[in-house]
Amino acid sequence: PAQELAHLISGDVFALEHGVTADDLRCSQELWECNPDNANRTITPPQHSFLDLLALHPEQPHASGLSTRARFHAWKFVYDLVNFGPPYFRRFSSQIGKPEAIECIPVKKLVHLPMRTMKFNNSTVDGNIDALQGLCTQGNLGDPKDRAVPGGNVDISEHVVLFHGDLGTIERVQSALKTRAIEATPWRRLQFVILVPGIFHFQMAALDGIWRTNIKPKAARGDNSLLQYIGMFRPKETGKFSTNPTFCQMHEAMLHVGNVLHLDAWRVEASRAMKKNMTLETWAAESKPSLTSIWDMAFSVAQNYVTGEEGGPRMFELRHKSLDARDQQRENILLLHEHLLLYEELYWAINEGDIGRLEMVIPHWIAIFKATGKHKYAHQMTLFLLNVHFVYPERLRYCPMVEILDAMADTQVFS
């Protein structure tokens, strides 16, 4: 007989770390009072928009005259020169350090507990409701007074619980929250649910945004294009990259192409400094640059090879020149540098646990999502950051950003 399709779902419980306490999560009623789904809400929070996200981390004056992100770019240029350039530069590998941290979470051992697999359909709203309650039941959380709904012995009616999930899961749980808003008790209306997007899925969406911008349009496949560079070191995979590349293929390609372009920027800058065309090997042999001179040149490279810095190239200004005065090849390279460095900065922030830098780059990715038709990701990430900074109580704001990096999860997770 034909086998019935089984829908299975599981999850992982992550212990709250980094100074977060249960009292920090004791704000369920406070959030319900200002929840738009609450027909009897007593508080209407001020309206905020995407533009407010751009001011989350205001720039502070720096001796280099560069922005925080440009200083990361300068560090990345130096890092690639030292690690992938001529052997002469290896001597500086222990001296370049790391880019400045904006708000790093401390490194701690992750304590987690895998949940038992449950037979629920995660592709439906009802299945997600059952999964949420099932995960809480396994964690002994619930409403002891409500025996009609399976729950635990620990009353969470005054607390919130952080749930991770991919885009589809978040949308279905949001639908569940809207339909359950009329229920009488916090447990029945899922008042305790705080949704936190999985950052790994966000990283995948970021790569797809780069693909839609730099590879998918046939007009973007000319000279000095991303696909052309990929074809140089993966000539047999250009067809795959043109249609449907995997995450690993795109991730490795972004890092490799970025390394090559950074080294080429060094070659051009060194040739300008020496007033003759030369290779990096020749520059190292003839000039023997010190680390101080390398950093000085890196600040210049970060200012002039990536758009947006004060005194550097501005893409809108370049594109508003007359066609005869435009250098479209340079414009392509400037944009490619910007996109690749934006991805490398996101990748660094995730691995380093720098939630401040992560908050700084997310709005830039939201803009890319909007421009490439990934409107659902743009909406959800905008909503998430606006909630974190303008809706959640002060004591709760730290928790979701900590958890977004603690859990790189493909399934529903609660903390």
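I note here that the model is predicted.

Next I looked up the secondary structure, and the chain has 16 helices and seven strands. I then took the extent of the C-alpha atoms along the principal axes, and they fill a box of roughly 80 × 60 × 45 Å.

For burial, I find that 50% of the 415 residues of the chain count as buried. The chain exposes about 20,200 Å².

The chain has 42 positive and 47 negative charges, and their mean positions lie 5 Å apart.

**Helix H11**

I checked the length of helix H11, which covers residues 291–304. Its 14 residues, at 1.5 Å a residue, should span 20 Å, and the end C-alpha atoms are 20 Å apart, so expectation and model agree.

Which residues of H11 are buried? I list Leu291, Ile294, Trp295, Met297, Ala298, Val301 and Ala302. Viewed down the axis of H11, these buried residues fall within an arc of 165°, so they line one face of the helix. I recall the general rule behind such a pattern: an α-helix has 3.6 residues a turn, so residues three or four places apart point the same way.

I then asked what covers the buried residues of H11. The cover includes helix H3 (68–84), helix H9 (247–274) and helix H10 (280–287).

**Val257 and Val260 in H9**

I picked two valines from helix H9: Val257 and Val260. Is Val257 buried or exposed? I read a relative accessible area of 1% for Val257, which is buried because the cut-off is under 20%. For Val260 I read 48%, so this residue is partly exposed.

I looked up the contacts of Val257, leaving aside neighbours within four places in sequence. Val257 is in contact with Leu226, Tyr229, Ile230, Phe233 and Leu340. I followed up Leu340: 83 residues separate it from Val257 in sequence, while their C-alpha atoms are 8.2 Å apart in space.

Methods:
Residues numbered from 1 in each chain as written. Predicted model: local features only at pLDDT ≥ 70, side-chain atom pairs only at ≥ 80, totals over all residues. Heavy atoms only, no water. Helix = DSSP H or I, 4+ residues; strand = E, 2+ residues; numbered from the N terminus. Buried < 20%, exposed > 50% of the residue type's maximum accessible area, 1.4 Å probe, protein only. Areas by Shrake-Rupley, 256 points an atom, 1.4 Å probe, with all protein chains shown as cover. Lys, Arg positive; Asp, Glu negative; His and termini not counted. Charge placed at Lys NZ, Arg CZ, Asp CG, Glu CD. Expected span 1.5 Å × (residues − 1). Arc of directions from axis to C-beta. Contact = heavy atoms within 4.5 Å.
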